[in-house]
Amino acid sequence: MPTPREPLVYDVTVEAMFSRALKGRLSPRLKARVKEEGIDLDAKLKPSYPREVWLRTMRLVVEDLYSGVPEERAWFELGERMVDSFSETLMGPAIVGVLKLLGPKRALGRMSQTFQYANNYMQSKLEELGPGRFRLWVNEVGISPHFIAGTVSATLRTSGTANPRVEIAGFDGHQCTYAISF
């Protein structure tokens, strides 16, 4: 019987979050706590990290940097910030250029591929409901479905949509369905 593979988050995701999106925002105390959880931000990043390490460090970030912000809003903003920061990574300008060429509908259609650049466990399915209306299902959203909603919203903005709406239509603690319109 094959062993299920360990869910991993890739270094490009960790870099986009900690070295780009949160650059200059981490206190020495928060960096130390992140290191205690398994990500040493002062060392060369590992090629990947266990999903649980990633989720624990993201929880620390939200608790520390978004204290006083409603939790749903904090996760959404963190998701947006991460996608926006990808433009600063080595591959970022090329990815941003492709998203602009694709436009919002085709960018949404490539979400599964986008997730595969970030980790080895997320999958998605997209259903077009009408002009500018979609349903996106994601199999595993981690701690908060609002984080992924923020990443989808920022992806749509990057691909040329001025005011995307990404709302949670259903969430069971792991998988989430989003109602998207633009």
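View 1. Setting aside neighbours up to four places off in sequence, Thr 151 makes contact with Gly 79, Glu 80 and Val 83. Keep in mind as you look around that this is a predicted model. Thr 151 belongs to helix 7. Is Thr 151 buried or exposed? It's buried: the relative accessible area of Thr 151 is 6%, and the cut-off for calling a residue buried is under 20%.

**View 2. Ala 154 sits on helix 7 too.** Here's another residue found in helix 7, Ala 154. With a relative accessible area of 0%, Ala 154 counts as buried. Which residues does Ala 154 touch, once you skip those up to four places away in sequence? They are Glu 80, Val 83 and Asp 84. Now pick out the C-alpha atoms of Ala 154 and Glu 80: they're separated by 5.1 Å, although the two residues are 74 residues apart along the chain.

View 3. Ser 159 is buried, at 5% relative accessible area, whereas Ala 162 is exposed, at 62%. What does Ser 159 touch, leaving out residues up to four places away in sequence? Look for Leu 99, Lys 100, Gly 103, Pro 104 and Ala 107.

View 4. Start with the buried residues of helix 6: Met 111, Ser 112, Phe 115 and Ala 118. Why do these four end up on the same side of helix 6? Because they cover an arc of only 110° around the axis. Over on the other side of helix 6, you'll find Gln 116 and Tyr 117 exposed. As for what the buried residues of helix 6 pack against, the list runs through strand 1 (8–10), helix 1, helix 5, strand 3 (124–130), strand 4 (133–138) and helix 7.

**View 5. Strands 3 and 4 make a hairpin.** These two strands run antiparallel, and 6 bridges join them. The hairpin leaves 2 residues between strand 3 and strand 4. Gly 132 is in the turn, and it has a positive phi of about 70°.

**View 6. A look into the largest pocket.** This pocket holds about 720 Å³ of space. Several helices give two or more residues to its lining: helix 1 (11–21), helix 3 (51–65), helix 4 (71–85), helix 5 (92–109), helix 6 (111–118) and helix 7 (145–158). Which helix gives the largest share of the lining? That's helix 5, with 7 residues. The lining has 38 residues, and the ones that lie nearest the pocket's centre are Phe 86, Thr 114, Phe 115, Tyr 117 and Ala 118. Sorted by type, the lining residues come out as 27 nonpolar, 9 polar and 2 charged. You've already met Phe 115 and Ala 118 among the buried residues of helix 6, and Tyr 117 as an exposed residue on the other side of helix 6.

Terms used
Residues are numbered from 1 along each chain as its sequence is written. This is a predicted model: local features need pLDDT of at least 70, side-chain atom pairs count only at pLDDT 80 or more; totals for chains, interfaces and linings use all residues. Side-chain values use heavy atoms; hydrogens and water are left out. On a 1 Å grid over the protein atoms alone, a cavity is a set of points where a 1.4 Å probe fits but cannot get out, and a pocket is an open set with protein on both sides within 12 Å along at least five of seven lines; lining residues have an atom within 4 Å of a point. Grid points are joined across faces, edges and corners, and a volume is the space filled by probe spheres set on the points. Ala, Val, Leu, Ile, Met, Phe, Trp, Tyr, Cys and Pro count as nonpolar, Asp, Glu, Lys and Arg as charged, and the others, Gly among them, as polar. Buried means under 20% relative accessible area, exposed over 50%, partly exposed in between (1.4 Å probe, protein chains only). The arc is that of the directions from the helix axis to the C-beta atoms. Contact means heavy atoms within 4.5 Å. Two strands pair if DSSP finds at least two bridges between them.
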